Amino acid sequence: MNSSADNSFSFFPRLRLFRRKMATSRHLRLVAGVACVLFVLFLAHPLDSPQILPTAPRPQGSRPQAEPVVILQPSPSSRRKVTFKPSSFDWTTVEQHFPVELKHKLPTGAPKPQKPVQHDFSHYVHDPVTRDRQKAVRAVFERSWNSYKEHAWLRDELAPVSGKGKTTFGGWGATLVDALDTLWIMELWDDFYLAANAAAQLDWQNTTETAANMFETTIRHLGGLLSAYDLSGEQALLDKAKELGNMLYMGFDTPNRMPGFWLNFEDAKRGVQVAGTNDPSASPCSLSLEFTRLTQLTGDQRYFDAITRITEFLERTQNESKLPGMWPKLINFREERVDGESGFTLGALADSLYEYLPKMHALLGGLSPQYEKMHRAAMDVVTKHMLFRPMLPAEEASKHDILFVGDAFARPDRIDRVAEGQHLTCFTGGMFGLGGKLFDINEHVEIGERLARGCGWAYDAFPTGVMPEIFNMVPCDGSWDAPCPWNEERWKTEGSKNLQKGFASARDTRYILRPEAIESIFLLYRMTGKEDLRDLAWQMFESIVNATETELAYSAISDVTVKGPTTKMDSMESFWLAETLKYFYLIFSPPSIINLDEYVFNTEAHPFLRPKP
């Protein structure tokens, strides 16, 4: 199939050939006239034609001219005033019932020179195929955003089938705040300023909820406001972030300064909050990037002091769990103990605890060595007890050198590896890659790439082209880096007859528009420069759009194993716009947009500026 843009490009070499055959000036004048007409038509229908075939081969060979650095700034005429409006309640007026001296401040001194994270793209050229893919992603974002604006403005989420709004995170416009930096990155200036002005006037007191989820409010709302400020410089957004930070800071007002899972508003005012005894480890331990960035931007050391107390707890207890080097899924924060739980994972309940260790090293400019120390120790345990290869037929295995990360269960006499995969754990490819780059561990970059490619392979293994929430695999015996011959008899005993070889079951068949697979594929592309990762990303993008599209936008689906139409769940979480589509857009964008040596992403894909040496 030829597109109009393809025909425009192919015209010029044909014209040159034709001119060599013409002998008379009359014919030359005729050709020149035709060329002028076609050139005008070309200008009238430039490269943003949606008809370019995205799967056309990318130009090969030398790239003589590099793409200029892209600076994301609106023109003066596109800028709009963003006005801060204070919330109706000021949390700084509430007494701290368990006050502490601020003993932790941001490390001083110049940031240390860091190892480069991003591949050298000095000869990168933004070719037409990639440009068209980038625009296709933006079109999907705009379709989703416009439906949110029309049907769910200022609500937390759009219900993309029924067209209603949902309140899921306090009623504070989670989708609106979460999407701010994506709007900026995609240069949707009018929508950015519309949303930014609305975000700067949110009232944290205006909620029907009695409590706020500390983790979700921090990563989505606080992270979204800070990132939007880092990109735009709009002071009103930082003022609103500080206002929210003051509210969330009250969550640390417990006897041992460990926050609970919920910030209960009345309990906070009365001074009766306590830390949890069986809370997800990721919840209090994934607030560090956002609170650190808030201190960096405001100079208020309270936020950094609060999260550093959690860091000290992690450092002190890392070798006290039943799997020394890691922290369990659930932690007794009230008694500050990690020895009561036997399950360990990089998936749900614990994921971003580990994700934030190398990211904090980057955000602090390498001035806090405990983050590298904890990351190295944890990854040693992961590589020993949790990585696995799926057992695949020889031909399939020869084409796909892939890894997955499972769970571990500590028993009195051994550590059991559980070959269960989660869509959530697909973030680990990027985590291994980042740690490998920052700390010069080349093997970890290779592991990260194999993990990222494993998730891409899992997408392609299901009829919809999308991977499920949770699945079990038939793992190779022995170490993940040992030979793994195919065993047909074992497959017949342990494998699923309804799934592709390699899988034992799909325990949770949903796809809820998650970002983790494309997150790692994007990050490994930026770290390695391997172009085939972009083709893998495009295949995933097309499959997701085909499986999730509704009349209004895109929806979570209940079963990725079906052939034919999917059942929509009428859910479009804010991370669809904040993370999934942002990562898809960035992998098809010039690498100078959100350079990994200049930014570090929080777990909701909000880029924070890294300090410069």
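**Disulfides and confidence**

User: Hi! Which hand does the link of Cys476 and Cys484 have?

Analyst: The link of Cys476 and Cys484 is left-handed, with -90° about the S-S bond. Do keep in mind that this is a predicted model.

User: How many disulfides does the structure hold?

Analyst: Two. The other bond runs from Cys426 to Cys455, with an S to S distance of 2.1 Å.

User: And why is the disulfide of Cys426 and Cys455 called left-handed?

Analyst: Because the torsion about its S-S bond is about -100°. Cys426 is in the loop between strand 12 (420-422) and helix 15 (428-438), while Cys455 belongs to helix 16 (residues 442-460), so the bond ties together parts 29 residues apart in sequence. Cys426 is buried at 2% relative accessible area, and Cys455 is buried at 5%.

User: What pattern do the disulfides follow along the chain?

Analyst: It is 1-2, 3-4, counting bonded cysteines along the protein chain.

User: Switching topic: where is confidence lowest and where is it highest?

Analyst: Helix 1 (residues 4-21) is lowest, with a mean pLDDT of 33, and helix 20 (residues 575-587) is highest, at 99. The protein chain averages 91, and 88% of the residues score at least 70.

User: Which residues stay under 50?

Analyst: Residues 2-31 do, and the model gives them 21 contacts beyond four places in sequence. Residues 34-66 are also below 50, with 47 contacts beyond near neighbours in sequence.

Definitions and conventions:
Residues numbered from 1 in each chain as written. Predicted model: local features only at pLDDT ≥ 70, side-chain atom pairs only at ≥ 80, totals over all residues. Heavy atoms only, no water. pLDDT = per-residue confidence, 0-100. Helix = DSSP H or I, 4+ residues; strand = E, 2+ residues; numbered from the N terminus. Contact = heavy atoms within 4.5 Å. Disulfide = S-S within 2.5 Å. Buried < 20%, exposed > 50% of the residue type's maximum accessible area, 1.4 Å probe, protein only.
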